[in-house]
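Please look over the sequence and the structure first.

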Amino acid sequence: MGGEQAGKTGAEDWLEIGGRRFRSRFILGSGKFSLEMTRAVLENAGAEMATLAVRRANVGGEENILDYMPPGITLLPNTSGARTAEEALRIARLAREIGCGDFVKIEVVRDTKYLLPDNYETARATEMAAREGFIALPYMYPDLSAARDMAQAGAAAIMPLGAPIGSNQGLLTREFIRILVEEIDLPIIVDAGIGRPSQACEAMEIGAAAVMANTAIATAGDAAVMACAFKSAIEAGRLAWLAGPGRVLERRAEAASPLTGFLR
Amino acid sequence: MLVNGQEKKLQTPATLMEFLRAEGYGPERVAVERNGAIVPRPDYDAVRLAEGDELEIVCFVGGG
């Protein structure tokens with residue numbers, strides 16, 4: 001890994017998904033904000049990709065969230081509300097028809113209490129979407145077999161959850177995300193459950209390609225400032241991963257100062 | 001007609017584009033399913049709505 005990472009600390013460290021290159025590794029969810037706050041948060045986050053949901057339109061020319069998206073941002077519509085692969089595909093097609101590209105976050109959830117994704121239906125939906133030319137990013141429970149199925153099905157990245165969505169509980173699935181980073185040859189984007197910048201930083205330190213957050217920002221005392229904090233944390237964690245963390249001594253100490261030349 | 005699950009009387013014969021404009025939907029910001037099939041935006045002017053049509057009109061909203 002060290003060799004692969006070497007030299008990527010500077011200008012050439014890009015996140016590549018579906019043939020598109022991103023400098024930012026902070027993907028922002030746009031839920032739970034006012035439209036004005038959405039814009040402020042996206043700008044402070046330096047985000048180059050933001051998720052959206054598809055819902056029935058209301059009558060009347062009310063303001064549209066697309067008018068608050070910074071120019072050039074990649075939109076990642078989600079399939080929230082889908083309980084089966086077929087429903088997810090239907091939402092993906094509608095999202096594409098609105099006309100903002102081929103990216104889609106595949107989200108299939110049947111559990112109503114913990115809102116945990118259904119990996120089986122998600123893998124099926126990923127396959128169906130990829131076959132139709134979508135750049136499919138499945139949101140999933142971090143299970144290695146399921147991630148392999150999704151990669152095989154044509155996923156452009158894998159989005160394992162850190163904790164139940166909207167919970168701000170942090171990186172509860174850390175060791176399993178580590179396995180995905182090691183075993184899956186796609187960007188691993190930790191999505192859901194990340195509550196604090198330190199947790200986002202840790203996800204990046206263990207090799208996540210990006211972090212997605214929404215509720216952590218939206219429920220912060222000052223959402224715009226918290227977006228800045230996450231941005232810094234994600235950048236720091238990325239650099240730490242590229243640098244390669246120092247080793248841990250289990251049972252002894254090691255002086256950092258020289259052990260020679262003491263004053264006598 | 002049934003529009004987003006609500007009964008809606010079709011006032012006059014209208015194209016989908018005319019209906020969207022009359023109802024205040026922004027045609028550039030929505031996607032439309034008519035009787036279960038997506039209508040591509042270039043066809044909005046050509047599609048004539050009929051009594052009994054079921055429309056789903058969707059747009060983007062904030063979401064994670």
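The notes below cover strands, helix packing and a few loop residues.

This is a predicted model, in which local features need pLDDT of at least 70, side-chain atom pairs count only at pLDDT 80 or more, and totals for chains, interfaces and linings use all residues. Residues are numbered from 1 along each chain as its sequence is written, chains are lettered from A and ligands numbered from 1 in the order in which they are written, and side-chain values use heavy atoms, with hydrogens and water left out.

Helices (H or I, at least four residues) and strands (E, at least two) are DSSP runs, numbered from the N terminus. Two strands pair if DSSP finds at least two bridges between them. Buried means under 20% relative accessible area, exposed means over 50%, and partly exposed lies in between (1.4 Å probe, protein chains only).

**The three-stranded sheet of chain A**

- Strands E6, E7 and E8 of chain A form an open sheet in the order E6-E7-E8, with parallel pairing.
- Its edge strands are E6 (103-106) and E8 (159-160) of chain A, and each of them pairs on one side only.
- Four bridges join E6(A) to strand E7 (residues 135-140) of chain A, in the parallel sense.
- A:Val104 has A:Ala136 in E7(A) as its bridge partner, and A:Lys105 stands opposite A:Leu137 in E7(A).
- From E6(A), A:Phe103 and A:Lys105 point one way, while A:Val104 and A:Ile106 point the other way; all are buried.

**Strand E3 of chain A and its partners**

- E3(A) pairs with E10(A) in the parallel sense, over three bridges.
- A:Ile27 has A:Met212 as its bridge partner in E10(A).
- E3(A) also pairs with strand E4 (residues 49-56) of chain A, in the parallel sense over two bridges.
- Here A:Gly29 stands opposite A:Thr51 in E4(A).
- A:Phe26 and A:Leu28 point one way from E3(A), A:Ile27 and A:Gly29 point the other way, and all are buried.

- Two packed helices are described by the angle between their axes and the distance between the axes.
- Axes are lines fitted to C-alpha atoms, for helices over the stretch in contact, and angles run from 0 to 180 degrees between N-to-C directions.
- Helix H3 (residues 85-98) and helix H4 (residues 119-131) of chain A pack at about 40°, with their axes 8 Å apart.
- H3(A) and H4(A) are therefore oblique to each other.
- For such labels, angles under 35 degrees count as roughly parallel, over 145 as roughly antiparallel, 65 to 115 as roughly perpendicular and the rest as oblique.
- On the H3(A) side, the contact (heavy atoms within 4.5 Å) is made by A:Ala85, A:Glu86, A:Ala88 and A:Leu89.
- On the H4(A) side, A:Glu121, A:Arg124, A:Ala125, A:Met128 and A:Ala129 take part.
- The residues of this contact of H3(A) with H4(A) are six nonpolar, no polar and three charged.
- In these classes, Ala, Val, Leu, Ile, Met, Phe, Trp, Tyr, Cys and Pro count as nonpolar, Asp, Glu, Lys and Arg as charged, and the others, Gly among them, as polar.

**Helices H7 and H9 of chain A**

- The axes of helix H7 (residues 197-205) and helix H9 (residues 223-243) of chain A come within 7 Å and cross at roughly 25°.
- That makes H7(A) roughly parallel to H9(A).
- By class, the contact of H7(A) with H9(A) has 12 nonpolar, one polar and two charged residues.
- Buried residues in H7(A) include A:Pro197, A:Ala200, A:Cys201 and A:Met204.
- Their cover includes strand E9 (189-191), E10 and H9 of chain A.
- Just after H7(A), A:Gly207 takes a positive phi of about 105°.

**Loop residues**

- A:Asn214 lies in the loop between strand E10 (210-213) and helix H8 (215-218) of chain A.
- A:Asn214 is buried, with a relative accessible area of 10%.
- Leaving aside neighbours within four places in sequence, A:Asn214 is in contact with residues of chains A and B, among them A:Gly29, A:Phe33, B:Gly63 and B:Gly64.
- A:Lys32 is not a glycine, yet has a positive phi of about 70°.
- A:Lys32 sits in the loop between strand E3 (26-29) and helix H2 (35-45) of chain A, and is exposed at a relative accessible area of 59%.
- B:Asn35, in the loop between strand E3 (30-34) and strand E4 (37-39) of chain B, has a positive phi near 50°.
- B:Asn35 counts as partly exposed, at 47% relative accessibility.
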